[in-house]
Structures are given as structure tokens and as C-alpha cells.
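Hello,

Here is the structure I promised to pass on. My notes follow below it.

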Amino acid sequence: MLFSSVPTPCIGICSTTYGDTVCRGCRRYLPEVIEWNRYSDYEKRLIWQRLDGLLQQIMPRYFVIFDSERLRHELMSRRIPIRAEANSWTWLQQLLKHMARQIHDLSQFGVRRLDQSELDLFALRESINAELHMLASAYYERDLLRAKQLAENLKKEDGAQRGLE
């Protein structure tokens, strides 16, 4: 099942309502959660690209996708919702989200597991989710610091210009 419009990343367990600046469910920043319905489709896609990029940074340490078309086909045949423009790491995350407890052989999905841990897929998925949240939080802190620095620089420039007048 492919989406025709830009869907929300929300998975229904928003931790921003409890004070988190990065949602533990979808990994959007608090302002993105609040403003989602006001964003254009272009802005929503930019957020999705960032979220997909997080997965692309972490998932290859744990898995190899050797047949992304098979992965896509298996998700579609099981009616697991995917975004066509998402990368195959995002599709794999959807598979783990919906079927981690039922999968015994990842190769039927075009995927091979790399890590040697004794974790079952469900526990590995939860570990990856925690790692994704830490990475998203680090990016938020970095972006917030950049925004604060930019605001301070603009304030200084504005003050300097007023002093010249």
C-alpha cells in the first residue's frame, strides 16, 4: 500500500507531550510535531528525508539488503504501508515495526542480518530505536545550537548597524 499524499511520521506514541524535545516514536523535533499540519508537502518531504537519513546511518551496521525489490514486494503483499520515495532502510524499519516477532528468516525479504548479537529481532529493533533516538537528539541539539548562534550573530549585527546610524 503506497501513500499518495505525504503521511505523518506519527506512530501514536508521542513522547513530546511528556516534555521530550525529540519524539521517541517518530523522531521528529517538537516544533515539527506541533506544526506538521501547517507544513507544505515539500516541507513534510524534507522532514521525511531527514528521518530516512537517520535510518540510513544506523541500519547498515546491522543488516544488508541484498534485494530491495523483494523487500518492497513482500511489504506490499502483506499490506504494510510504505512511502514509495523512502529508501530501502526505511522499508526495512517498517518490516521490523510490523513483524519483528514473527520473522524467522529475513532472507525471504531480501535481507541478511550482520550483527552477531544474541538479540532476537524484536529486541534488536528496540535497541536500534534507542540508537536512532540518541542520534536524532544529537542532531536536534546541534541544530538548536546553530539556530541560537545565528540569532546571536544577527542580534549583534543589528546592534552594530544601529550604532552606525
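Predicted model: local features only at pLDDT ≥ 70, side-chain atom pairs only at ≥ 80, totals over all residues.

**What turned up**

Fold first. The protein chain holds 5 helices and 2 strands. Read from the N terminus, the order is α-α-β-α-α-β-α.

Next, overall dimensions. The radius of gyration of the protein chain is 19 Å, whereas a compact globule of 165 residues would come in near 15 Å. Along the principal axes, the C-alpha atoms occupy a box of roughly 70 × 35 × 30 Å.

Then packing. Of the 165 residues in the protein chain, 39% are buried. Take the contacts between residues at least 6 apart in sequence: 62% of them link residues at least 24 apart.

Charges are quick to report. The protein chain carries 24 positive side chains and 22 negative ones. The centres of these two sets are 3 Å apart.

Is Glu131 buried or exposed? Its relative accessible area is 18%, so Glu131 counts as buried, the cut-off being under 20%. Which residues does Glu131 touch, leaving aside neighbours within four places in sequence? The contacts are Ile58, Arg61 and Tyr62.

Best wishes

Methods: Residues numbered from 1 in each chain as written. Heavy atoms only, no water. Helix = DSSP H or I, 4+ residues; strand = E, 2+ residues; numbered from the N terminus. Rg over C-alpha atoms; globule rule 2.2 N^0.38 Å. Buried < 20%, exposed > 50% of the residue type's maximum accessible area, 1.4 Å probe, protein only. Contact = heavy atoms within 4.5 Å. Lys, Arg positive; Asp, Glu negative; His and termini not counted. Charge placed at Lys NZ, Arg CZ, Asp CG, Glu CD.
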